[in-house]
Amino acid sequence: MANKLTLLASVVAASTAFMATSASAADSTLDKVTKQGFVTCGVSTGLPGFSNPNSKGEWEGIDVEFCQAIAAGVLGDKTKVKYVPLTAKERFTALQSGEIDILSRNTTWTLHRDTALGLNFVGVNYYDGQGFMVKKELGLTSAKELDGASVCVQSGTTTELNLADYFRNNGMSYKPVVFDTAAQTSKGFDAGRCDALTTDQSGLYALRLNLQNPDAAQVLPEIISKEPLGPVVRQGDDQWFNIAKWTLSAMVNAEEYGLNSKNADKMLKSTDPNIKRILGVDGPKGKGLGIRDDWGYQVIKQVGNYGESFERTVGTGSPLKISRGVNALWNAGGFMYAPPIR
Ligand SMILES: N[C@@H](CCC(=O)N[C@@H](CS)C(=O)NCC(=O)O)C(=O)O
């Protein structure tokens, strides 16, 4: 009898513990982030311009700044971010398992990732496309001349898949030389392990910076794929998905309406209704998102608008010097178009 009672007690204890665990598992990401006081952000292991530790060990880049924007809007402090460096192969498991709250790591939005993997793409913070880099000494002018080439490529990426498609589709053969990180891939290229290196074009410019002799390498003109890069969250948490979506929209809209980190305080007195709504002086504020009313003000004041972030990290204010191109606003010839804040 005593044994039976003990057994019963332990079953009850176990099921209570189970209920407690499932209750906390059901906690929204916003609850978790608010309780822990920081956002856990999945980044790359190091890719200049996107997510890369500087000489002081501080994370920098357009993807890093997006995580800072989320922290500013949700917690009122852009520094409340814990960065988790992830290889391409590790990134989706880290998000699915709850190890990170958001993945902000030059990740291409595809059907498979957005559905079967149980993830949701927040939007696009950089329109990219895949290209090739070769040593100038090969004297090539087109990717169509790469038949029979060995190609350095990173595993767990769309890059690997597009590479196979492109060569097959053009009736060419190639030998993949596969690495796990960007640093290894560019080192492999530098050491002559392959004739060409392929990745997102922005990545080519980023990796070229770190070659022993960047001037000896050239980027070929072909863009062989679409790589819309953006932040990713888990499916099943609409509130967190909305927070991420509208943070990106606020940054793009702020650029459109001339609102930036330097004039945010002055703009609190603006009479422009669009600006008032972004700053939370008027309009829906934080109610629908379940966060502070001044979330938009915090994002713009502490991080800045999309254009400021772009120029600082990958654009003219950065070593990459990438021009806005298709990443310009819709009213300046680009694709960046955010739904209205109202
Ligand atoms: N956008 C592509 C490629 C992303 C990717 O991982 N690219 C590499 C090469 S530039 C990279 O960022 N590596 C950084 C790292 O290894 O942490 C994807 O989503 O699959």
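Predicted model: local features only at pLDDT ≥ 70, side-chain atom pairs only at ≥ 80, totals over all residues.
Figure 1. Beyond its neighbours within four places in sequence, Gln-298 is in contact (heavy atoms within 4.5 Å) with Ala-72, Gly-73, Gly-76, Arg-292 and Val-303. Gln-298 sits in helix α12, residues 295-302. Helices are DSSP runs of H or I with at least four residues, strands are E runs of at least two, and both are numbered from the N terminus. Gln-298 is buried because its relative accessibility is 11%. Buried means under 20% relative accessible area, exposed over 50%, partly exposed in between (1.4 Å probe, protein chains only).

**Figure 2. The disulfide of Cys-41 and Cys-67.** A disulfide is a pair of cysteine sulfur atoms within 2.5 Å. Here the sulfur atoms are 2.0 Å apart. The link is right-handed, with 65° about the S-S bond. Cys-41 belongs to strand β1 (residues 39-43) and Cys-67 to helix α3 (residues 62-75), so the bond ties together parts 26 residues apart in sequence. Cys-41 is buried at 0% relative accessible area. Cys-67 is buried, also at 0%.

**Figure 3. The disulfide of Cys-152 and Cys-194.** The S to S distance is 2.0 Å. The torsion about the S-S bond is about -105°, so this disulfide is left-handed. Cys-152 lies in strand β9 (residues 149-154), and Cys-194 in the loop between α7 (182-190) and β11 (196-200); the pair therefore ties together parts 42 residues apart in sequence. Cys-152 is buried at 0% relative accessibility. Cys-194 is buried at 6%. In sequence order, the bonded cysteines of the protein pair 1-2, 3-4.

**Notes.** Residues are numbered from 1 along each chain as its sequence is written, and side-chain values use heavy atoms, without hydrogens and water. Local features need pLDDT of at least 70, side-chain atom pairs count only at pLDDT 80 or more, and totals for chains, interfaces and linings use all residues.
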